[in-house]
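Reader: I am new to this structure and would like to learn how to read its features. Could we take them one at a time?

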Amino acid sequence: MTLNKTQIMTNLLSSLIIFCCSVFSVHATNIDNINTATAAGAKVFYLVRHAEKNQGADPSLTEQGKLSAKRLANVLSSTLLTKVYTTDYKRTRETAFAVAEEQHLELSLYDPSNLNKAAEVLLNQQGHILVVGHSNTTTALAELLGADKQPVINDANEFDRLYIVTVDKNNREVSTVLLRY
């Protein structure tokens, strides 16, 4: 049996619509689960590495990095954050600022050389919290919050990981989702 172009396009379009609906349904379910979890006293941490940076000792973001920071703010725009944490470096502050400004929050600093203390402080918080760090601290902090072992971030070109770590009110049950933005 031979299909003509119209039948092929109709089949492809139908498949695409079914796929999109299933993706939306899964995404909506994940958001509902996160919202239900925070209502029950859980906390949700959004951990990212800073956006693309210039060269130097304490560089600012590149133009691409500024766009990435705005994209992150857009991704988190429907999430009411309670706090935004960042390290005291230009690239992390600039990445976090795009989100904090949109949500009318002040930046809070944490020390990336003492991740145990940072995790302790975070686990005593409530609500939805963004944490902006570095390639060598973001996965380590996710693990300290209870996530399973995570792959190392490629320092040269990986700037789009978004960890969503949900921790129950007793800091015992943890759920981790890794997205790209």
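Reader: Which strands does helix H4 lie across?

Author: This is a predicted model, where local features need pLDDT of at least 70, side-chain atom pairs count only at pLDDT 80 or more, and totals for chains, interfaces and linings use all residues. Residues are numbered from 1 along each chain as its sequence is written, and side-chain values use heavy atoms, with hydrogens and water left out. Helices (H or I, at least four residues) and strands (E, at least two) are DSSP runs numbered from the N terminus, and angles, from 0 to 180 degrees, are taken between N-to-C directions of axes fitted to C-alpha atoms, for helices over the stretch in contact (heavy atoms within 4.5 Å). Here H4, residues 115–123, lies across S1, S2, S4 and S5, and runs at about 145 degrees to S1.

Reader: In what order do the strands form the sheet?

Author: Two strands pair if DSSP finds at least two bridges between them. In this open sheet of 6 strands the order is S3-S2-S4-S1-S5-S6, with mixed pairing. Strands S3 (107–109) and S6 (174–180) stand at the edges with a single partner strand each, so one side of each has no neighbour in the sheet. The twist from one strand to the next averages 25 degrees.

Reader: How many bridges join S5 to S6?

Author: There are 7 bridges between these antiparallel strands, and Thr 166 has Ser 175, in S6, as its bridge partner.

Reader: Which residues have the most contacts inside the largest nonpolar core?

Author: A nonpolar core is a set of buried (under 20% relative accessible area, 1.4 Å probe, protein chains only) Ala, Val, Leu, Ile, Met, Phe, Trp, Tyr and Cys residues joined through side-chain atoms within 4.5 Å. The largest has 20 residues, and Tyr 46, Val 48, Val 99 and Leu 130 have the most contacts inside it. H3 gives this core its largest share, 4 residues.

Methods: Buried < 20%, exposed > 50% of the residue type's maximum accessible area, 1.4 Å probe, protein only.
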